[in-house]
Amino acid sequence: MSPVTYSHGHHSSVVAAHAARTVANSAAYLSPLVEPGMRILDVGCGPGSISIDLARRVGDRGRVVGIDMSAEVVETARAAAAQAGVTNVEFHVGDAYAPPGDRYDVVHAHQVLQHLGDPVRALAAWRRIGDLVAARDVVYSATVIHPLTPELERWRSLVVALQAANGGDGDAGAKLKAWARAAGFAEVETDVETWCFESPAGRGFWGGQWAERALHSAFADGTERHGLADASERAAIADAWTAWTADDDGWMAMLHGWILARG
């Protein structure tokens with residue numbers, strides 16, 4: 001496999017957050033195009049929640065294959081599919097740059113290209129096997145937070161800096177169109193989707209996970225390893241997320257770019 005440094009890692013707080021993703025909240029742009037009987041490859045499937053949702057939508061005549069570089073998270077995805085009773089999905093350890101050689105109606109990737117050092121090469125590989133390539137990625141520097149304390153502003157800049165230090169791009173969502181064109185696609189449709197966290201439940205979901213991730217996940221390890229932040233700064237960021245979670249005025253929006261690429 002081509003080496004990829006996954007900036008988020010697979011701490012339990014990260015995997016649990018990713019398991020909350022569905023087609024509705026993370027791939028609504030693709031939803032109208034998913035039809036019964038389709039074959040879909042889900043690259044960077046993580047704990048499999050989007051893959052399983054797609055499998056339900058393509059029905060028994062369809063098939064979804066999820067690949068991820070982490071054997072541990074692939075096992076988590078397999079267990080989730082078994083628990084859900086969804087049998088038309090399979091999960092394998094795989095490489096985003098060298099996906100399975102079958103032909104697919106759709107190759108889908110959610111929050112994957114931001115982690116890759118050569119996103120154009122990955123898109124070109126997906127183009128060879130997919131009739132349609134659907135990808136969505138965040139633009140971290142465009143994240144809006146209120147109240148924007150110095151610690152939360154620092155969090156935003158650190159996420160972008162860590163992605164860059166690991167060879168990725170925290171603002172990938174803004175560059176998907178350009179990357180797809182460079183990969184040779186003849187037709188690229190693009191727009192944005194957003195996440196907004198402002199309700200008590202929403203703030204608890206986002207702020208709660210990041211209060212933990214700031215201290216214990218690959219974010220903590222990576223910012224330490226690359227000399228981007230020390231333990232005291234990460235602790236201050238964690239405390240800031242906890243305070244934001246408890247603030248009834250707390251509001252946050254994240255911009256995501258998406259592409260539907262063909263030809």
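**Figure 1. Secondary structure and overall form of the predicted protein chain.** Ten helices and eight strands make up the secondary structure of the protein chain. Helices (H or I, at least four residues) and strands (E, at least two) are DSSP runs, numbered from the N terminus. This is a predicted model: local features need pLDDT of at least 70, side-chain atom pairs count only at pLDDT 80 or more, and totals for chains, interfaces and linings use all residues. Residues are numbered from 1 along each chain as its sequence is written, and side-chain values use heavy atoms, with hydrogens and water left out. The C-alpha trace spans about 50 × 40 × 30 Å along its principal axes. The radius of gyration is 18 Å, which agrees with the value near 18 Å for a compact globule of 263 residues. That radius is taken over C-alpha atoms; the globule rule is 2.2 Å times the number of residues to the power 0.38.

Figure 2. Of the 263 residues, 52% are buried. Buried means under 20% relative accessible area, exposed over 50%, partly exposed in between (1.4 Å probe, protein chains only). Among contacts with a separation of 6 or more, 80% join residues 24 or more positions apart. A contact means heavy atoms within 4.5 Å.

**Figure 3. Helix α3, residues 49-58.** This helix is mostly covered, with eight of its ten residues buried. The buried set is S49, I50, S51, I52, D53, L54, A55 and V58. G59 follows α3 and has a positive phi, near 75 degrees.

**Figure 4. Helix α9 and its cover.** At the start of α9, a side-chain oxygen of S217 comes to within 3.1 Å of the backbone nitrogen of F219. F219 is itself one of the buried residues of α9, with A220, G222 and T223. Their cover includes α6 (150-165), α8 (200-216) and α10. G227 follows α9, and its phi is positive, near 70 degrees.

**Figure 5. H226 in the loop between α9 and α10.** The loop that holds H226 lies between α9 (218-225) and α10 (231-246). H226 counts as partly exposed because its relative accessibility is 32%. Leaving aside neighbours within four places in sequence, H226 contacts L162, A165 and N166. L162 is 64 residues from H226 in sequence, yet the C-alpha to C-alpha distance is 7.8 Å. With N166, the side chain of H226 makes a polar contact of 2.9 Å. A polar contact is a pair of N or O atoms within 3.5 Å; within protein, one must be able to donate a hydrogen and the other to accept it, and residues adjacent in sequence count only if both atoms are side-chain atoms.
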